[in-house]
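Please examine the structure below before reading the dialogue.

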Amino acid sequence: MGAAYEEMMQEEEGGCSTPTRNECRIPAVPSACPPPPPPRKKPFSRGKKRGPPKNAYFQSPEIELLFAMFMGSRT
């Protein structure tokens, strides 16, 4: 049997181990972290919350008729 077989048998008998060659090592990474992401922009707001309109909400007789028809069909 060849030298390669004997080398393989020696590795099996010795168990597993971590490779220690320089080409197997993980390269060193600089310890500086990237900068944090910029803060998110706040949603656009118009300032104060608005109250109901001074002239009241739009009241259409057609809307009232629609509701009356809908409620009439349910009974």
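Predicted model: local features only at pLDDT ≥ 70, side-chain atom pairs only at ≥ 80, totals over all residues.

A: Residues are numbered from 1 along each chain as its sequence is written, and side-chain values use heavy atoms, with hydrogens and water left out.

Q: How many helices and strands are there in the protein?

A: Helices (H or I, at least four residues) and strands (E, at least two) are DSSP runs, numbered from the N terminus. The protein has 2 helices and 0 strands.

Q: What percentage of the residues count as buried?

A: Buried means under 20% relative accessible area, exposed over 50%, and partly exposed in between (1.4 Å probe, protein chains only). Of the 75 residues, 1% count as buried.

Q: Which residue forms a salt bridge with Arg-21?

A: Side chains of opposite charge can pair when their charged atoms come close. A salt bridge is a side-chain nitrogen of Lys or Arg within 4 Å of a carboxyl oxygen of Asp or Glu. The partner of Arg-21 is Glu-23, with the closest N and O atoms 3.0 Å apart; both residues are exposed.
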